[in-house]
Amino acid sequence: MNEKKNKRLDFPSLFVTGNDTEIGKSTAAALLILLYKDMGIDVGFMKPVQSGSHEAGGKLLSQDAAFMSFAAGSDVEKKNNPYVYKEIASPYIAAKAVNEEIDVELILGYYEDLKLTHQAVIVEGAGGLYVPVTKNSTVLDIIGKMNLPVIHVVDIGLGTINHTLLSMEALRARGISILGLIINRFRDDNGIAMETNIVELKRLTGLPVVAVIPEMPEFTMDEKGITLLKSLIKKQDKSRIRKIFKPPKDMTPDLVRDDLKYVWHPFTQMNEYRKEEPHPLVIEKGDGSYLFDSEGDRYLDGVSSLWVNVHGHRNKRLDEALRNQAGKIAHSTMLGLTNEPAIRLAKKLIDIAPEGLAKVFYSDSGSTAVEIALKMSYQYWKELGYEGKNKFVSFRNAYHGDTIGSVSVGGIDLFHKKYEDLLFDGYKVDSPYCYRCPMDLKVSGCTMECTVELENILSTKNDEIAAMIVEPMVQGAAGMLVSPPGYLARVSELANKNGVLLVLDEVATGFGRTGEMFASDHEKVSPDIMCVAKGITGGYLPLAATLASDEIYSAFLGEHEELRTFFHGHTYTGNPLACEVARANIDLIKSEDLIEKTKALSEELGSLLSRFYDIGIVGDIRQSGLMIGIELVKDRESKEIFPIASRIGRRVILEARGRGVIIRPLGDVIVLMPPLTISRHELKELLDITYLSIEKVASEL
Ligand SMILES: *Cc1c(COP(=O)(O)O)cnc(C)c1O
């Protein structure tokens, strides 16, 4: 089914890195090529960027690529060496000197091509790991994107252990696997340091030494050098090397078996999941907009790992924030103590939140943020002396989480109906599902009659009502139901007019998702309470916050024995790791101008989406920022839905998965919610594959 599946080889492709430049990476790479050939492997080679190269015959020549080509016994082509520069500098600087910019995608494309024509590919890096290749990426980033294991070259001398350990730490922090070390320029005559270094390098890195290349004064990077290396190969213990280079055992079948044996998945009919073909993907790594599974296959993350990711996976700044905080403390309680990340994040949240919100109450999921909002608004009126204001107004099709309080204000029968007897009573009103207008009206000329019912309830029952809870602009889980312009402002005005608190659930819409920092910013609405979660840490760690106005907060103030305290708190409240990443997330949204970029991208998206109507089963396309819902119907004319057993949405997402894209259905609504940093060409890939997948399923009906 998966066309992208790699062939599994006896020998892995490799990336050759080193402690520094000029320490023999090319020699080691050539040695590895010879070793592979000696063991019967057809090996390709690549030196993505060569700087400091000579000119010969009016052409720049990459000496490293040439040397690898001698070893491989083939000529250097563009694919082996896409970028050659004259300047003796890092690739980024050398390219800049001739007004060029290195295109990492092009390098990756050439690498993929080489993989198709060879059993294994050996790639030689440029300089050390943190050498810049483009303005924003280093050699380390390229290794991560190629998803290759590393052989690391060190030349023995003073400082070797230090440089090697630093390099290993950098590689391991990126989840890059290191197969072993190659020691270069080994000299027998150099006393204690030489001998001890090798032993200590093995012990301190925990890595095997693949080969030791002696100091060879007569060595030159040409055919003669190759002859010298060939004589070295004869001395290598091949069976030991085979063991080192053996690709790690494919753990996928074991993991899938244990997953089925031990794990109960959310929102999943496990009976169906158990029989799923192809088996569930085991996700192992992420990079930017992509996920990698345990078999090394790459998938575009079309739903931001369920609506949480903002800047892509493995964002450098967020990784760094997390690592730095982990170096200080992972968790400390907020009961009677406080911590710097929680304080600084609270200040930042209030800074970006709608006007009037002044205090931050932390928790750990969207559901808990909503529970807190409900209990807060309920108790608020009690503390003010109102006994009767006990109920909530909520919307049909609403989703606020899965705890009992948030289910009570939910409005999706499929998820919520079964728990009916456990739930508290409240008022439910129609929501603006314009494609299936509850008032049976047309979108053109809409005067929002659906708010009349709301107005009636708020004006006649306001002495019973504590608060109204709304998903601003978009009811996400219901299938991206986008409200008409002016609706949110109207709802807010009705709450204010009738003395009912307004709770906005920005769990899905917050942090730039709709093209504003918060969805409420579109209509300048200021709630009394606001819930945020999902995107708050950019998709890194569970964290949520309930923001309240000073008026709400003040109602809880009093003497200890008055018992006005808000008796609520979750153990991991204000977790420093999560708060620190959240702060970095918000900083990055601002410094990268991500709101403006999302706005621009979402405007282009509108026209790209309309072609989906060419497929007969597409009934409605809804979009707000980078939240998209494509509703599939059996009959476009009557809007008749598919029978639940036909699982159309699911079939579409499995088609997409086979083509390398992860998306999710909400019933028969196909949801697209990519990371906000998705590039134009990745977005095109997402849309093209979604289109093909819907078209394919439609053609089979
Ligand atoms: C996802 C979601 C929730 C629940 O958040 P969890 O972190 O899954 O508990 C609440 N409200 C809205 C609008 C959501 O989209």
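Modeller: In this predicted model, Lys-47 and Glu-124 form a salt bridge in which the closest N and O atoms are 3.1 Å apart. The two partners come from distant parts of the chain, 77 residues apart, with Lys-47 in the loop between β2 (43–46) and β3 (49–50) and Glu-124 in strand β7 (residues 120–124). Lys-47 is buried, and Glu-124 is buried as well.

A second bridge, between the side chains of Glu-55 and Lys-86, has an N to O distance of 3.5 Å. Here too distant parts of the chain are linked, since Glu-55 belongs to strand β4 (residues 54–56) and Lys-86 to the loop between β6 (83–84) and α3 (91–97), 31 residues apart. Glu-55 and Lys-86 are both exposed, in contrast to Lys-47 and Glu-124, which are both buried. In the structure as a whole, the count of salt bridges comes to 42.

With a relative accessible area of 12%, Glu-276 is buried, and Arg-650 is itself one of the buried residues of α23.

The helix that holds Arg-650 deserves a look of its own. Helix α23 covers residues 648–658 and is mostly covered, with ten of its eleven residues buried. Among these buried residues are Ile-648, Val-652, Ile-653 and Leu-654, but also the charged residues Glu-655 and Arg-657. Glu-655 takes part in a network of salt bridges that links it with Arg-651, Arg-659, Lys-696 and Glu-700. Just after the helix, Gly-660 adopts a positive phi of about 90 degrees.

Positive phi values also occur in residues other than glycine. One of them is Arg-185, with phi near 55 degrees; Arg-185 is found in strand β9 (residues 178–186) and is partly exposed, at a relative accessible area of 29%. Leu-563 has a positive phi of about 55 degrees without being a glycine; this leucine lies in the loop between α20 and α21 and, with a relative accessible area of 53%, counts as exposed.

The rings come next. Twelve aromatic pairs are found when the whole structure is searched. In one of them, the ring centres of Tyr-83 and Tyr-85 are 6.3 Å apart and the planes meet at 10 degrees, so the pair is stacked. Each of these tyrosines is buried, Tyr-83 at 10% relative accessibility and Tyr-85 at 3%.

The pair of Phe-361 and Phe-566 is edge-to-face, with 5.2 Å from centre to centre and 70 degrees between the planes. Phe-361 sits in strand β14 (residues 357–363) and Phe-566 in the loop between α20 (550–555) and α21 (576–591), so that the pair links distant parts of the chain, 205 residues apart. The loop that carries Phe-566 is also the one in which Leu-563 lies, yet Phe-566 is buried, at a relative accessible area of 14%, whereas Leu-563 is exposed. Elsewhere, ring pairs join Phe-267, Tyr-399 and Phe-415 into a cluster.

Charges meet rings as well. The charged end of Lys-639 is placed over the ring of Tyr-435, 4.5 Å from its centre, and Arg-611 lies over the face of Tyr-691, at 4.2 Å from the ring centre.

Ser-406 is placed in helix α16 (residues 404–408) and counts as buried, at 0% relative accessibility. Its side chain reaches the backbone nitrogen of Asp-402 at 3.5 Å. If neighbours within four places in sequence are left aside, Ser-406 is in contact with Ser-367, Val-370, Glu-371, Leu-374, His-400 and Gly-401.

Technical notes. Residues numbered from 1 in each chain as written. Predicted model: local features only at pLDDT ≥ 70, side-chain atom pairs only at ≥ 80, totals over all residues. Heavy atoms only, no water. Phe/Tyr/Trp six-rings, centres within 6.5 Å; stacked < 30°, edge-to-face > 60°. Buried < 20%, exposed > 50% of the residue type's maximum accessible area, 1.4 Å probe, protein only. Helix = DSSP H or I, 4+ residues; strand = E, 2+ residues; numbered from the N terminus. Lys NZ or Arg CZ within 6 Å of the ring centre and 35° of its normal. Polar contact = N/O pair within 3.5 Å; in protein donor to acceptor, adjacent residues only side chain to side chain. Contact = heavy atoms within 4.5 Å. Salt bridge = Lys/Arg side-chain N within 4 Å of Asp/Glu carboxyl O.
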